[in-house]
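Thanks for coming. Please have a look at the chain on the screen before I start.

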Amino acid sequence: MSQSNRSRVNDVCNVCVIALVVVLAALLYVFGAAMSGDTLQLTKSIRGAEIFDTRDVP
């Protein structure tokens, strides 16, 4: 039983929407961790990243 073209387009759109939601959730997690001050752990997980601590700068 073959699918119609409309059914295939709907399946592709569903997969694209799910992939977009996953990417946006990952971005939200990364930016949320950065904004919450958990940059040390986040930076340790990124190879070659440097920490600039400006909290104690007058």
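I will go through the overall content, then the cysteines, then one surface patch.

This is a predicted model, in which local features need pLDDT of at least 70, side-chain atom pairs count only at pLDDT 80 or more, and totals for chains, interfaces and linings use all residues. Residues are numbered from 1 along each chain as its sequence is written, and side-chain values use heavy atoms, with hydrogens and water left out.

The chain has two helices and zero strands, taken as DSSP runs of H or I with at least four residues and of E with at least two, numbered from the N terminus. Of its 58 residues, 5% are buried; buried means under 20% relative accessible area, exposed over 50%, and partly exposed in between, with a 1.4 Å probe and protein chains only. The accessible surface is about 5600 Å², and carbon and sulfur atoms account for 64% of that. Areas come from the Shrake-Rupley method with a 1.4 Å probe, and for residues only the protein chains shown count as cover.

Now the cysteines. Cys 13 is partly exposed at 41% relative accessibility, and Cys 16 is partly exposed at 49%.

Last, the patch. Leu 20, Val 23, Leu 24, Leu 27 and Phe 31 make up a nonpolar surface patch with about 500 Å² of accessible area together. Leu 27 sits in helix α1, residues 5-35, and counts as partly exposed at 41%.

Methods: Patches are made of residues with over 30% relative accessible area and no salt bridge: like charges are joined within 9 Å, nonpolar side chains (Val, Leu, Ile, Met, Phe, Trp, Tyr) within 5 Å. A salt bridge is a side-chain nitrogen of Lys or Arg within 4 Å of a carboxyl oxygen of Asp or Glu.
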